[in-house]
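I am opening a notebook page on this structure and will write down what I look up, entry by entry.

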Amino acid sequence: MKRTHISSSLDHRAWLLPLISVSVLSLVVILAVSHSKSSSPTADFTVSDRVPVNQLGQQPKLPGFAYLISGTKGDVTRLKRVLQAVYHPRNYYVLHLDLEASDSERLELAKYVKSENVLRDFKNVMVVGKANLVTYKGPTMIASTLHAVAILLKKAKDWDWFINLSASDYPLVPQDDLLHIFSYLPRDLNFLEHTSSFGWKEYQRARPIIIDPGLYHSKKSGVFYAKEKRSLPASFKLFTGSEWVVLTKPFLEFCVWGWDNLPRTLLMYYTNFLSSPEGYFHTVVCNHKDYQNTSVNHDLHYIKWDNPPKQHPMNLTLEHFDDMVQSGSPFARKFAKDDPVLNKIDEKLLRRSNNRIAPGGWCVGNSASGKDPCSVYGNPYAVKPTVNSKRLEKLIVKLLDAETFRSKQCK
Ligand SMILES: *[C@@H]1O[C@H](CO)[C@@H](O)[C@H](O)[C@H]1NC(C)=O
Ligand SMILES: *[C@@H]1O[C@H](CO)[C@@H](O)[C@H](O)[C@H]1NC(C)=O
Ligand SMILES: *[C@@H]1O[C@H](CO)[C@@H](O)[C@H](O)[C@H]1NC(C)=O
């Protein structure tokens, strides 16, 4: 890969212009600097070796992410791999293996978290001990997500965005890139792909009334359907979209604390809704004036569907690699266990070696002769974005383009 200098202060200013014209948002002061404090590029990353300085000499504040990574029976290895790939000492992680998984699997995961020095020292990974029964397509999925959010709100203070992943997801960018690019964003943007045009989904999703046995049984099964159908709601507008979301802390506090009754009312409505994760947060965001203007119509995932779409998206393989990278998306799904494309992502995009945590600017150990650079750690705030962060930057600029950004909100 070619070694190039990234982010001079000038080209950053250029891409920030469209952001600044999004005037209604409470914009943070966006300053054109890189977070990289390092004065010498490491062997692992293609980074700038000088710190670009702007007129004021200030840097945007580094954000923090709170991840939920969930899995089921047989997912321990995959979940561990996703954790290693998205790990950063600046973030928080809740790992949830649903009730289908055995206690010994949960124990195995917890043991791994205890055994890895970095995770033990930064104390930012939690394994949910009391597992939830989760029905695919049922409201127990939303309940489980809200449970993880509540844990994160209670146990971890300083984070900005919540990101929901499963064992069949994988990142396409190092965390340093994500932290770097998001440091320039207003902290109130919620990323959810959504629409109010239901099309075929009106009959398959909005009208049926379902019951999720996961709410009262202890064994997993499918949802069942009531004979009656219901009409579309009149007191609020329904939205639907992708179940992969990146949501802000203030919005999730609004959902979990419930000082306004909307999130609670909608949660009750969604109890009998098929595939509630495709619509719950979307409908809450779009039905409240304080949040409508914060929605960005994208799920930040690269997902490939068959044509016509089947129930599950395609398994991504080596043939999708280039397209995936070009998309600029920070995450992709879905991947079969140990698919060779994951090794390519590790090697080319994350610089992650087998069974190790993906390195970042916080890893200051010597990586010569195959040593793990993350066995010695420095400042978790020392972020060294790679040259690939440009693609993510491009995607974000496109999404926040003044021409299209507003026109795609809650329509
Ligand atoms: C969160 O992640 C899980 C994957 O475990 C997914 O199936 C679910 O629908 C996601 N979305 C929400 C809104 O809970
Ligand atoms: C949201 O944006 C619309 C259109 O730009 C604007 O009219 C409205 O006042 C904004 N609402 C809030 C709460 O800022
Ligand atoms: C995707 O991979 C899984 C294995 O993880 C396999 O069970 C499934 O059949 C694959 N799906 C397709 C559409 O090939």
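Entry one, strand pairing. I looked up β1 and β2 in this predicted model, and I noted that strand β2, residues 92-97, runs parallel to β1 and is joined to β1 by 6 bridges.

Entry two, another partner of β1. I found that β1 also pairs with strand β4, residues 161-166, in the parallel sense, over 6 bridges. Here I noted Leu-68, which has Asn-164 as its bridge partner in β4.

I turned to Lys-111, which lies in helix α3, residues 103-115. Is Lys-111 buried or exposed? I recorded a relative accessible area of 57% for Lys-111, and because exposed means over 50%, Lys-111 counts as exposed. I also looked at Val-127, which is 16 residues from Lys-111 in sequence, while their C-alpha atoms are 9.8 Å apart in space.

I listed the residues around ligand 2 and found Lys-289, Asn-293 and Arg-406. For Asn-293 I noted that an N or O atom of its side chain is 2.4 Å from an oxygen atom of ligand 2. On its own, ligand 2 has 370 Å² of accessible area, and the protein covers 38% of that area.

Notes. Residues numbered from 1 in each chain as written. Chains lettered and ligands numbered in written order. Predicted model: local features only at pLDDT ≥ 70, side-chain atom pairs only at ≥ 80, totals over all residues. Heavy atoms only, no water. Pairing = 2+ DSSP bridges. Helix = DSSP H or I, 4+ residues; strand = E, 2+ residues; numbered from the N terminus. Buried < 20%, exposed > 50% of the residue type's maximum accessible area, 1.4 Å probe, protein only. Near = heavy atom within 4 Å. Polar contact = N/O pair within 3.5 Å; in protein donor to acceptor, adjacent residues only side chain to side chain. Areas by Shrake-Rupley, 256 points an atom, 1.4 Å probe, with all protein chains shown as cover.
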